[in-house]
Amino acid sequence: MSTLDDSKPDLMRRALDGLNRHVADSGLSTRAKIALTCRALFDAGHDSGLAGQITARAERPGTYYTQQLGLGFDEITEDNLLLVDEDLNVLAGTGMANPANRFHSWIYRGRPDVNCIVHTHPFHVAALSMLEVPLVVSQMDIAPLYDDCAFLADWPGVPVGNEEGEIISGALGDKKAILLAHHGQVVAGASVEEACSLAMLIERGAKLQLAAMAAGTIAPLPEVIARLQQAAPLRRVAPDPGEAVRLEFELDRKRVRGCFTFAILLASHFRHRTQKVLHMVPDLMADDISLGKIAGRAVAGFHFIVET
C-alpha cells in the first residue's frame with residue numbers, strides 16, 4: 001500500500017511508533033553511561049585541563065557520581081568514578097572530587113527533574129561566552145535547545161562557594177542549559193543520555209552562531225518550526241464529545257533525543273578512536289563492527305566493554 005497520499009501527522013506518528021518499538025534503553029549502568037559520556041565529550045573537544053565536571057544522581061538520595069579530580073575526560077572509567085554526598089565527601093572511590101562540583105548540589109536540590117549535569121568549556125562555547133551574548137538557536141539541528149538555554153552575563157568567579165551555587169542554579173531556572181559569560185556551559189539533563197546529547201548540541205550551536213555572526217545577521221528561527229523540531233513522540237488524545245480524534249505533540253526529551261542520540265554518539269566515538277571492542281552480546285567480531293551496528297546494539301540494550 002502506498003503512503004504517498006498520507007498526511008504529515010500520520011507519517012510522523014508511524015515513524016515515532018517505529019522508534020518506540022525498535023529503540024530501547026541501552027541497559028548500561030549509570031557509571032558506564034558517565035564514563036562513555038566523558039570519552040565522547042573528550043573526542044568532541046570538551047576537555048580543558050582540570051576544568052569541567054560531569055555528575056549523575058546515584059541510587060541513594062543526596063548522593064551522586066562524579067570524576068576524580070586530576071583525571072582527564074579520556075581517563076574516566078566506571079571503576080575510577082567517585083560516589084560523593086552533597087558536601088562532596090567521598091563515600092566510595094579513591095581521591096577527591098573537584099571542589100567546583102558544589103554548584104551541582106545546588107542544582108540537584110532545586111531541580112528534582114535533573115539527573116545528570118555536564119559542565120564544560122568547549123572551544124566554541126568558550127569563544128561565544130567571551131562576547132557576552134546568549135546562545136541563539138536558529139538552526140534545526142539545535143532546536144532541542146530552543147527557548148531552553150539561559151544566559152548568565154555576570155560570571156561570579158570560580159564556583160567553589162555556595163554563593164556561586166545559588167547564582168548558577170538561580171540563573172538556570174527551569175531551563176535545560178545555560179551559557180556562562182567568559183566561562184563555559186552547563187547542561188542539566190533528565191538522564192545521562194540527554195545531558196550528553198545537549199552538551200554536544202550546545203557546542204555545535206555556538207560554532208554555528210559564531211560562523212553565522214561572521215557572515216551577517218542571524219535570522220530568527222520561526223517558533224512553530226522550532227517547536228515541531230522539539231516535539232516527539234506523537235500521542236493520540238481522547239477526543240471531547242463530538243470532536244474527532246486528534247494528534248498532539250508532546251516533548252519526550254529523554255527518549256528520542258536521549259537514548260537514540262546517545263547511541264549514535266557512542267557509535268561515532270568508537271568509529272573515530274582506536275579502541276577495541278572486547279565483548280558484545282551477542283558476540284561479534286571486532287573487525288565486523290560498523291557505525292550502524294554499534295548504534296543498533298547500543299540502543300537495543302546490549303552490553304559492551306571497551307578497552308582504551
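**View 1. H182 sits in the loop between β7 and β8.** Helices and strands here are DSSP runs, numbered from the N terminus, with at least four residues (H or I) for a helix and at least two (E) for a strand. The phi of H182 is near 60 degrees, a positive value in a residue other than glycine. What you're looking at is a predicted model, where local features need pLDDT of at least 70, side-chain atom pairs count only at pLDDT 80 or more, and totals for chains, interfaces and linings use all residues. Residues are numbered from 1 along each chain as its sequence is written, and side-chain values use heavy atoms, leaving out hydrogens and water.

**View 2. D147 is found in the loop between α4 (123-129) and β6.** D147 isn't a glycine, yet its phi is positive, at about 55 degrees. D147 is partly exposed, with a relative accessible area of 48%.

**View 3. Eight strands line up as an open sheet.** Read across, the order is β4-β3-β2-β1-β5-β8-β7-β6, and the pairing is mixed; two strands pair if DSSP finds at least two bridges between them. The edge strands, β4 (90-92) and β6 (149-152), each pair on one side only. From one strand to the next, the twist averages 25 degrees.

View 4. β6 pairs with β7 (residues 177-180) in the parallel sense, over four bridges. Which residue in β7 is the bridge partner of F151? That's L179. Helix α5 (residues 162-172) packs on the sheet and touches β6, β7 and β8 (185-189), where contact means heavy atoms within 4.5 Å. The direction of α5 makes about 140 degrees with that of β6; angles run from 0 to 180 degrees between N-to-C directions, and axes are lines fitted to C-alpha atoms, for helices over the stretch in contact.

**View 5. Helices α2 (residues 30-43) and α6 (residues 192-215) pack with their axes 10 Å apart.** Their angle is about 10 degrees, so α2 and α6 are roughly parallel to each other (angles under 35 degrees count as roughly parallel). Among the residues that meet are T30, I34 and L41 in α2, and V192, C196 and M200 in α6.

Note on methods: Parallel < 35°, antiparallel > 145°, perpendicular 65-115°, else oblique. Buried < 20%, exposed > 50% of the residue type's maximum accessible area, 1.4 Å probe, protein only.
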